[in-house]
Amino acid sequence: MPEDWKTAVTTISKNGNRSQVENYRPVSLTSPICKVFELNIRDAIVSHLDSNGQISSTQHGFRQGGSCLSNLLDFLDHVTCSLDNHDNVDVIYLDFAKAFDKVPHLRLAQKIEKHGIGRKVLTWIQEWFSGRSQRVCITSRLRDQ
């Protein structure tokens, strides 16, 4: 994995003080070849999981025709039907802010392997996650994070 593919060179501000490096989210503008490779890997993994029945119908993200909106509409339909049937409905909202900033890579690799993803693809994914860096421009100065 070329090292320059692992460096995010453009960022967007999350919230908070813009002079703090940790308040920026990396948006990786990498090589077009890298992006095509990523899409092919993702499509192959999703196809494998789909064909083996390993993706729940309630999983909307990263699926054809799925989105946060389709997830919300399915949920709203379920709640509305329950209320129409005079069933009790309890809803708990959780805020997963920064949840994707803290994914434990070892645990993710173990789950990927348990879903039958081949060793070569798993090794590539692990290499992709290791040694990542981002650069944030603050007042015309680059700082490595």
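Reader: Which residues form one aromatic cluster?

Author: Phe 37, Trp 124 and Trp 128 form it. This is a predicted model, in which local features need pLDDT of at least 70 and side-chain atom pairs count only at pLDDT 80 or more, while totals for chains, interfaces and linings use all residues. Residues are numbered from 1 along each chain as its sequence is written, and side-chain values use heavy atoms, with hydrogens and water left out.

Reader: How many aromatic pairs does a search of the whole structure find, and what makes Phe 37 and Trp 124 an edge-to-face pair?

Author: The search finds 2 aromatic pairs. Rings of Phe, Tyr and Trp (its six-membered ring) pair if their centres lie within 6.5 Å; planes under 30 degrees apart count as stacked, over 60 as edge-to-face and the rest as tilted. Phe 37 and Trp 124 lie 5.0 Å apart, centre to centre, with 70° between the planes, and the pair is therefore edge-to-face. Phe 37 belongs to helix H1 (residues 32-51) and Trp 124 to helix H4 (residues 119-129), so the pair ties together parts that are 87 residues apart in sequence. Helices here are DSSP runs of H or I with at least four residues, and strands are runs of E with at least two, numbered from the N terminus.

Reader: How do you know that the length of H2 agrees with its number of residues?

Author: The expected span of a helix is 1.5 Å times one less than its number of residues. For the 17 residues of H2 this gives 24 Å, and the end C-alpha atoms are 24 Å apart, so the two agree.

Reader: What makes Ser 67 a cap of H2?

Author: A side-chain oxygen of Ser 67 lies 3.2 Å from the backbone nitrogen of Leu 69, at the N-terminal end of H2. A polar contact is a pair of N or O atoms within 3.5 Å; within protein, one must be able to donate a hydrogen and the other to accept it, and residues adjacent in sequence count only if both atoms are side-chain atoms.

Reader: Where is His 60 found, and is it buried or exposed?

Author: His 60 is in the loop between H1 and H2. Its relative accessible area is 10%, so His 60 is buried. A polar atom of its side chain lies 3.3 Å from the backbone nitrogen of Asn 71. Asn 71 is in helix H2 (residues 68-84) and, at 35%, is partly exposed.

Methods. Buried < 20%, exposed > 50% of the residue type's maximum accessible area, 1.4 Å probe, protein only.
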